[in-house]
Amino acid sequence: YQAAYQLDVTAQESIRGIAEISFRLQDWPTALTNYQKVLTALGEEELEARTEVYHRLGCIKREQGQTKQAVNNFEKALALNGEHRPTLDALVAVYASQGDNVQVAEYKRQILDSLFEEDQRYSLLLEIGDVWAKMDDQVYKAIDAYEEAFEIRPQDHILLHRLLQSYQKAEEWPKMVDTIQSIAELEADSERKARYFYTMAQLYRDKIEDPERAVELFNECLDLNPSYLEAFERIDKILTQSRNWKQLERNYRKMLHRIAGKSNTDLEHMLWHQLGVIYRQRIQDVERAVDAFKMASRSKPDDLQDRNILSELYEATSRFDEAIEEQRFILEKDPLKIEPHRALYRLHLHKRDYDAAWCSAAAMAFMRKAEEEEQRFYEDYRPQGMLPVKGRLNDELWVTHLFHEKQNIYISKILEAVSAAALKAKIAQLGASYRAPDPKFKQDVANSTITFARTFGWTGQVLNVPIPELYVRSDQAGAITALATEPRASEAGRTVLSGFQPSELAFICGKHLASYRPELYLRNLFPAHSDLMVMLFAGVVIAAPNTPIPQELATNVRTTAQALGQFMDAQTREFLRTVVKRFIADGAKANIKRWNEGAELTTCRAALLVCGDLETAKKIISAERASPDLSAADKLRDLLVFSVGKHYLALRKALGVNIVVE
């Protein structure tokens, strides 16, 4: 090119060639000189060539660090051809390096005007929007770019999220909601989709100030994900603030329908409880409140708050029996809490059931928490001396009202079936060492001059239990014990023969004689859990020899079964087979410890029934030898609950000792 130029200094091609080669070699001074010569030689009509030269001159100046001159040349190129892409790209790069985002965006927009292919336009619009988005005061221009891109690709996640950010920045809340709606429509995962609806609802509540629409969207959120409890909390708050109780009630029921059958006990309970509060305090619909709290109580039976509210609602509508049942449940959970006792006293007076009211007053007096009127009512009808009994117990009353619920009926009947044979076997085992009680100490309980003996006979008749022979030994220490003799007999030592009030003797005799019930008698011979367990399985083996038994008991059980079998008649065996069959069908629940505790509590209940006084029960029980399984406090707690319960009241009525006020 240089040789050609030397031959013809006016040859444009030679000059241009030298300029191009110099440009590629980054020989900026040579390139600059030659491009200037080319520019001088070009005619005004050669727009395309002049545009290209100005572009090259701009690039050279840019590389030489002369930005202002570079921009000047680029702008001259654009003046000739406003769509010259290389120049536009070069200006974008220059202004980007200077951090001049406004110029970058403007020149990108100029590039956009020459693009017609959708993908290219979309990409560039995103870039333009991103540039404007960097500037706090240009958010609307960013929105314009993004919205134009949205028309091309309305389902593009990246674009939608950029629009979302821009609308939030511009506080364009309705448009923000529309964008979130578009994102939600593209989402397949219900939990993520629920979050979008939650956000839309929040915007309607906090920004657009349309709480009704917010509630609708919170509900749509919950339809997608019922565990999104924050949404329900917002619904509750909105409707409570607006005092829209009917709508609030409907939303609680809707929420309950969503979670039905999904084993979410805590949530279900909370919803029913709160629905009950709405009916009770807001809508003032007592019947529906009762239904709601009953459902709450069904989901969490041990929740005492629900029980107490139900009792109050029942009392307010004169449904006293139902209120009493709720208070009794509360009392069983915490017998020392005064409130249920006081509520029962009040409820019984409403019903004019004075015996039940007196029993509640007696319990409060025993706890030293009775108020003046309650104490006076208790003192007015407190029995003096022995109870004026007019009736006696029968088997049905024992089974229905007196036996403790811990006593498994099948264990009781198996032990009853083997008790007679067990006594004979024990006597036979004693052999020559067996000593019958001395006849001279025997008492005629009906005609004896000894108070204890007469009380013993009277108590046996009231309880309707087999009354054993009684031997009174004032020459020996001790209380009263059952003897392993035949016929069955008890022996009273001097400890119980003096120093006791009639009601105290009644309690002592009642507790002892209750142990002569056929179901309980074996405890007199074998009080230890381990011995009772052997007796139980021995009875099972006699009736069903192939029944599996605990390995550690096997030898002892089979030896005992063989010994018992010698003293068991055919009728008893048949009864035993029937009971054992039912015991096995019921799952063979051989919890002898639980049964024995129940049996002990049953004897205490029988004793309270014949003495009629909790203070007496406390005195006698507290003086007994401590049990590793049941403390005196355990027994008294059970008696406290029993003394105000329906079973005790039924027994008092059966004996004719209930209080009747004309």
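The legends below describe an overall view and several close-up views of one predicted protein model. Residues are numbered from 1 along each chain as its sequence is written. In this predicted model, local features need pLDDT of at least 70 and side-chain atom pairs count only at pLDDT 80 or more, while totals for chains, interfaces and linings use all residues, and side-chain values use heavy atoms, with hydrogens and water left out.

**Figure 1. Overall view of the protein chain.**
The protein chain holds 34 helices and 4 strands; helices (H or I, at least four residues) and strands (E, at least two) are DSSP runs, numbered from the N terminus. Its C-alpha trace spans about 165 × 65 × 40 Å along the principal axes. Of the 662 residues, 48% count as buried (buried is under 20% relative accessible area, exposed over 50%, partly exposed in between, with a 1.4 Å probe and protein chains only). Among contacts with a separation of 6 or more, 58% come from residues 24 or more positions apart; a contact means heavy atoms within 4.5 Å.

**Figure 2. The cis peptide bond at Pro-487.**
Glu-486 and Pro-487 are joined by a cis peptide bond with omega of about 5°. Pro-487 sits in the loop between strand E3 (480–483) and strand E4 (489–493). Most peptide bonds are trans.

Most residues other than glycine have a negative phi. Glu-171 has a phi near 60°, a positive value, and lies in the loop between helix H10 (157–170) and helix H11 (173–186). With a relative accessible area of 55%, Glu-171 is exposed. Arg-352 has a positive phi near 65° and belongs to the loop between helix H20 (338–351) and helix H21 (354–366). Arg-352 is exposed as well, at a relative accessible area of 62%.

Leu-160 is part of helix H10 and is buried, at 0% relative accessibility. Leaving aside residues up to four places away in sequence, Leu-160 touches Phe-150, Pro-154, Gln-155, Thr-179, Ser-182, Ile-183 and Leu-186. Met-176 is 16 residues from Leu-160 in sequence, and their C-alpha atoms are 9.7 Å apart.

Cys-509 is buried, at 0% relative accessibility, and Cys-604 is buried with a relative accessible area of 0%.

**Figure 3. Gln-566 and Ala-425.**
Gln-566 occupies the loop between helix H29 (554–565) and helix H30 (570–585). Its relative accessible area is 61%, so Gln-566 is exposed. Gln-566 and Ala-425 are 141 residues apart along the chain, with 8.2 Å between their C-alpha atoms.
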